[in-house]
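These notebook entries record what I looked up in the structure shown below.

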Amino acid sequence: MLKNTLYSLFIIALCLLLGKFIAAYLGGLPASLYGMIILTSALHFKRVNPDKISATISWIINHMGVCFVPAGVGIINHYQLINEHGLTLVVIIFISTFVLLSFVGLAYQHLVLNKHSSQS
Amino acid sequence: MSKLLDKVDMLALTPSLFFILATIAVYQSFAYLQNKSRLIWLNPMLLSIASIIPLLLYFKLPFELYYHSTQFINNLLEPAVVALGFPLYQQLNSIKNQWEILGLILALGVILVIILSFTLTMIFIAIPKIAVSLSLKSITTPIAIALSQQLNGDSSITAFAIILAGLFGALLGPSWLNLINVKSPKAQGLAIGAASHALGTATISKISYEHGAYGSLALIVSAVITALICPFLINILSLWFW
């Protein structure tokens, strides 16, 4: 893994840099998302060897939770909002999560699985 | 502890290093705890936030000091999003034959959930910043935070809404789907990946391989769809409410 760590970090930084250029010229998506799409295309068109970067990438993905902690601590500035609307927030999140769960689950089951089973 | 902080002050050690180390140490201990206990609700991100807040309040440290000191950690979010291109690449092969129908279902789901969350928040709370944050709550955190900053949402509310959506789907998702008679592993994985992102996907991956594969497929595809649709949809919805 150590052997390819620098290579992987270089690839990620390069994709991010290209993403920043595109975001500066085109706008629209955040630079990091352009970077993500560039990495996907580079892998898809075999410009980057997936075996070389997979170990470093999975390390990054496994540990990236820590990056959200500072942003999350910012909730400290919303004492009043939580006090006033905390329960409403939780209820809205609860309802929309279950609506989405049901919609995707039912739609996939009816459109894809049932159609396939009736064909076969 | 306050003596320790005085020492830190005396040493003229940049608060930066201290806060970064403290954040990583807190997070790692909770991550270890979760690995050992295997309990979903012992979410290391949630617990770290919940234990750093009282520490800051107790030692009367302003949030701005903490936030500026930990900019380094925050900046790692961007490369982390780029790294997600790898699982996206892995999933592309598996959806080759059915990408049209999958894309359609996930896109409709994304549109539905954005309209629903935005509208409900505007009706009951009426703060546009919060409405933007809640609209992004079903997708994976790095992409949601990037979008939330771009669309003038509030990152911390987004982060909290995401954890809650993840916990609801992870803890109650499988039983709810069984209840409404969605029993195929593929459909369950897809639904939980779309609604409860990585937190839900990690949890259901333990049920079966198919759960995990379809979960990560849905989580990455719906995040990309959200990124593409959200800016336009939020603009239209904002016009509606003014």
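**Entry 1. A covered helix.** I began with helix α10 of chain B, residues 141-150, which is mostly covered, with eight of its ten residues buried. I listed the buried residues of α10(B) as B:T141, B:P142, B:I143, B:A144, B:I145, B:A146, B:L147 and B:S148. I then looked up what these buried residues pack against: α2 and α4 of chain A, and also α6 (77-83), α9 (128-135), α11 and α13 (209-240) of chain B. After α10(B) comes B:N152, and I noted that its phi is positive, near 60°.

**Entry 2. Confidence.** I recorded that this is a predicted model. For the complex, the predictor gives an ipTM of 0.86 and a pTM of 0.81. Chain A has a mean pLDDT of 87, with 93% of its residues at 70 or more. Within chain A, confidence is lowest in α5(A), with a mean of 86, and highest in α1(A), at 92. For chain B I found a mean pLDDT of 87, and 94% of its residues reach 70 or more.

**Entry 3. The contact between the chains.** How many residues does the contact take from chain A and from chain B? I found 61 residues from chain A and 80 residues from chain B. On the side of chain A that touches chain B, the elements that give two or more residues are α1 (2-26), α2 (31-44), α3 (50-63), α4 (69-73) and α5 (79-119) of chain A. The largest share of that side, 23 residues, comes from α5(A). I sorted the residues of this side of chain A into 43 nonpolar, 18 polar and no charged.

**Entry 4. The core.** I looked up the largest nonpolar core, which has 105 residues. The residues with the most contacts inside this core are A:V104, B:V81, B:I143 and B:A191. Its largest share, 13 residues, comes from α11(B).

**Entry 5. Two crossing helices.** The axes of α11 (residues 155-179) and α12 (residues 185-204), both of chain B, come within 8 Å and cross at roughly 115°. I noted that the crossing of α11(B) and α12(B) is left-handed. Among the residues that make this contact are B:G166, B:F168 and B:L177 of α11(B), and B:A191, B:H197 and B:T203 of α12(B). The residues of the contact divide into twelve nonpolar, eight polar and no charged.

**Entry 6. Single residues.** Is B:H197 buried or exposed? B:H197 counts as buried because 30 other C-beta atoms lie within 10 Å, and 20 or more are required. B:H197 lies in helix α12 of chain B, and its phi is near 40°, a positive value in a residue other than glycine.

B:N181 also has a positive phi, of about 70°, although it is not a glycine. I located B:N181 in the loop between α11 and α12 of chain B. B:N181 has 9 C-beta neighbours inside 10 Å and therefore counts as exposed.

I ended with B:S175, which is in helix α11 of chain B. B:S175 is exposed, because 8 other C-beta atoms lie within 10 Å. The C-alpha atoms of B:S175 and B:I95 are separated by 26 Å, and these residues are 80 residues apart along the chain.

Notes
Residues are numbered from 1 along each chain as its sequence is written. Chains are lettered from A and ligands numbered from 1 in the order in which they are written. This is a predicted model: local features need pLDDT of at least 70, side-chain atom pairs count only at pLDDT 80 or more; totals for chains, interfaces and linings use all residues. Axes are lines fitted to C-alpha atoms, for helices over the stretch in contact, and angles run from 0 to 180 degrees between N-to-C directions. Helices (H or I, at least four residues) and strands (E, at least two) are DSSP runs, numbered from the N terminus. A crossing is left-handed if the near helix is turned anticlockwise from the far one by less than a right angle, and right-handed if clockwise. Two residues are in contact if their C-beta atoms, placed from the backbone, lie within 7 Å. Ala, Val, Leu, Ile, Met, Phe, Trp, Tyr, Cys and Pro count as nonpolar, Asp, Glu, Lys and Arg as charged, and the others, Gly among them, as polar. A nonpolar core is a set of buried Ala, Val, Leu, Ile, Met, Phe, Trp, Tyr and Cys residues joined through C-beta atoms within 7 Å. A residue is buried if 20 or more other C-beta atoms lie within 10 Å of its own, exposed if 12 or fewer, and partly exposed in between; C-beta atoms are placed from the backbone. pLDDT is the predictor's confidence in each residue, from 0 to 100.
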